[in-house]
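Here is a short briefing on one protein model.

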Amino acid sequence: MKNKVSTVFYCQSCGYESSKWMGQCPGCREWNTFVEEIINRAEHKGGTVRRNVSDEKAAPCLLTDIEIKEENKLLTGIGELDRVLGGGIVQGSLTLVGGDPGIGKSTLLLQACRNISAKGHKVLYISGEESLVQIKMRADRIGDFSRNMLLLCETNLDSVSQVIRREKPEAVVIDSIQTMYHEQVSAAPGSVSQVREATGALLRLAKGLGVSVLIVGHVTKEGTVAGPRVLEHMVDTVLYFEGDRHASYRILRGVKNRFGSTNEIGVFEMREQGLMEVPNASEYMLNGRPENASGSVVACTMEGTRPLLVEIQALVCHSNFGIPRRQAIGTDFNRVNLLMAVLEKRSGVQLAGCDAYVNITGGIKITEPAVDLGIVLAVLSSFRNQVLSPKLVAFGEVGLSGEVRAVSMAKQRAAEAAKLGFDTCILPWVCARECGEIDQIKVLGIKTIQDAIDRLFG
């Protein structure tokens, strides 16, 4: 009896399955996301049943009997990575690491494997893209490895599962999930069904054997992990490696974490020996600030629980065209236009005939509203060609009425500025009352942007 072969359409965003092509996905409401795949229904169904049946009977346990121990986490020996992960790699967790090609995903994970194996833990690095010689060449640049580090070049998911069950490592790295394929799924590697099936199989291995699995995922041109969106829902932690591949720094951002805070970041610098940590990210971001230049203001943003000082630069000049040109790098373009409209309406600053360029230095992208006040002051400084104090830091959200609204964790932001040698902090009036007096820095609370203009520009 021949197996029944059928055609199925999958949504690339959410994994919704349909028997026919549709323009809009009923699940996620995205347009033009369905792709056609040929699957073997009999083999796929039979394989799924066999994999889901367990010889052991499931039994519930009391919540009060479960103990949380620090030994359940593997420390990678990389402080920035451990903090983003929430204190280390949790035993039995599934972590997804995404990023642009050449950004340093494989290098970072190889460094983490080196540190974990040096502590006596068995680590298995599985590559579907590089040969053993290529991995060895990269490893020689990083340093010496212990005999607890195992390498495997394989893309067959059944073979990978057998090796993991036989070797029983404590941590496994899959590089990458788009290269893995299951024989019982007739779609091509990297397709929606293959990625979903591979991730599901690795998830069962991680939870069943208590193995910590780290998955490398390719990203699309929009910056999201390629494959179905359900991939990010299945894993425990999602990390994105950001930054310009031609620059020396990299930013590791946690966008999902079931074991710690989200939106934490770690800053790394790419060197010949690999990725090196940048423990003081604020000082690194402010390195090379111009002296006695108008349009430069330092603002403070929160990345998870970490305050980060960044320099905001603005260049405002009269336009020679009928429609002024506006450009924003590192922040929301529409937000900059809104703030300039508030300046015109509430403070009488005539910016309608001016070109305006706003840049967040360091290449970092910030969407937090707390940098609104810094953008406003940078635009005013450039427009009036007045230099603000290099020891000044400002943060606060600006409303449409020109009011400066409160932001979270104001005291931590001001304390971070004081630690780096800043002597004046301009912040919302409500936050200034909560902060009180802080050593080595003067706290100035303002209610509107007009108050800031009167204090700084006279």
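**Charges over rings**

Lys447 places its charged end over the ring of Trp429, 4.4 Å from the ring centre. The model is predicted.

- The charged end of Arg413 sits over the ring of Phe395, at 5.6 Å from its centre.

**Aromatic pairs**

- The structure holds 2 aromatic pairs.
- Tyr16 and Phe34 pair edge-to-face, 6.4 Å centre to centre with 90° between the planes.
- Tyr16 lies in the loop between strands E1 and E2 and Phe34 in strand E3, so this pair ties together parts 18 residues apart in sequence.
- Tyr16 is partly exposed at 34% relative accessible area, whereas Phe34 is buried at 7%.
- The ring centres of Phe241 and Phe268 are 6.1 Å apart and their planes meet at 75°, so that pair is edge-to-face.
- Phe241 belongs to strand E11 and Phe268 to strand E13, 27 residues apart.
- Phe241 is buried at 3% relative accessibility, and Phe268 is buried at 1%.

**Cysteines**

- A search of the whole structure finds 0 disulfides.
- For Cys153, the nearest cysteine sulfur is that of Cys113, 14 Å away.
- Cys153 is partly exposed, at 31% relative accessibility.
- Cys425 is buried, with 0% relative accessible area.
- The closest cysteine sulfur to that of Cys425 is in Cys435, at 7.3 Å, too far for a bond.

**Helix H3**

- Of its 14 residues, 11 are buried, so H3 is largely enclosed by the rest of the structure.
- The buried residues include Leu108, Leu109, Leu110 and Cys113.
- Just after H3, Gly120 has a positive phi of about 95°.

Key
Residues numbered from 1 in each chain as written. Predicted model: local features only at pLDDT ≥ 70, side-chain atom pairs only at ≥ 80, totals over all residues. Heavy atoms only, no water. Buried < 20%, exposed > 50% of the residue type's maximum accessible area, 1.4 Å probe, protein only. Helix = DSSP H or I, 4+ residues; strand = E, 2+ residues; numbered from the N terminus. Disulfide = S-S within 2.5 Å. Phe/Tyr/Trp six-rings, centres within 6.5 Å; stacked < 30°, edge-to-face > 60°. Lys NZ or Arg CZ within 6 Å of the ring centre and 35° of its normal.
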